[in-house]
Amino acid sequence: AAMYLLAPHLGAFHQAHPAVTLDITIEDTFSDIVAGRFDAGIRLGETLERDMVAIRMGGQRASMVVASPGLIERLGRPESPLDLYRFPCIRFRWPGARAIYRWEFEKEGDAIEVDVEGPLIANDTAVMLNAAEQGLGLAYLLDVEASARVEAGRLLRLLPDWTPPFGGFYLYHPSARQMPKQLRAFIDFLSGRLAG
């Protein structure tokens, strides 16, 4: 979210609000923004606590399974998530967690999680993207991370009918009553930019 939703708009926000200092902390863990004394956070909608005020940032998102054209030429295309057991896959581990992320799929109401295998486990999606492009294996990432490389032909999207769109990212904060005016300015600015 920081690289794809915030970073492209920081310069324009500073020009519009030069007196506001943004202090951005990037973590891939589920931080408690109240305990951490943050004004707000950004998460995927399904991970939000119920007592938070949430504002959608941009549209729906989708996961993507991607691989290099060379790897697909060599091994063929998976036709269903269960085919992934015969492909090398690049796996993701949340920072600070022991468990490796299980790839999630859904089609026509059927949901399945696949515990893939492969030559690389990483806790950074940029590393995963580069490894996929080099042909190490298939990777499972968000569309905001992989779509530019798919559009450029450096990666191929696989199993698109098994990765439907979902809610997307939300900026969230504990309470509208105690919101600093700088945060209100940032939310309004970012919402306007991402709506366009």
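1. The structure holds eight salt bridges. A salt bridge here is a side-chain nitrogen of Lys or Arg within 4 Å of a carboxyl oxygen of Asp or Glu. This is a predicted model, where local features need pLDDT of at least 70, side-chain atom pairs count only at pLDDT 80 or more, and totals for chains, interfaces and linings use all residues. Residues are numbered from 1 along each chain as its sequence is written, and side-chain values use heavy atoms, leaving out hydrogens and water.

2. D143 and R61 pair through their side chains in a salt bridge, 2.8 Å from N to O. The two residues are 82 apart and link distant parts of the chain: D143 sits in helix α5 (residues 143-151), R61 in the loop between β2 (53-57) and β3 (63-67). Helices (H or I, at least four residues) and strands (E, at least two) are DSSP runs, numbered from the N terminus. D143 counts as buried because its relative accessibility is 13%. R61 is buried too, at 16%. Buried means under 20% relative accessible area, exposed over 50%, partly exposed in between (1.4 Å probe, protein chains only).

3. R184 forms a salt bridge with D188, with the closest N and O atoms 3.1 Å apart. Both residues lie in helix α6 (residues 181-195), four residues apart, about one turn of the helix. R184 is partly exposed at 36% relative accessibility. D188 is partly exposed at 44%.

4. Salt bridges with shared partners also join R102, E113 and D115 into one network. Within it, the side chains of D115 and R102 meet at 3.9 Å, N to O.
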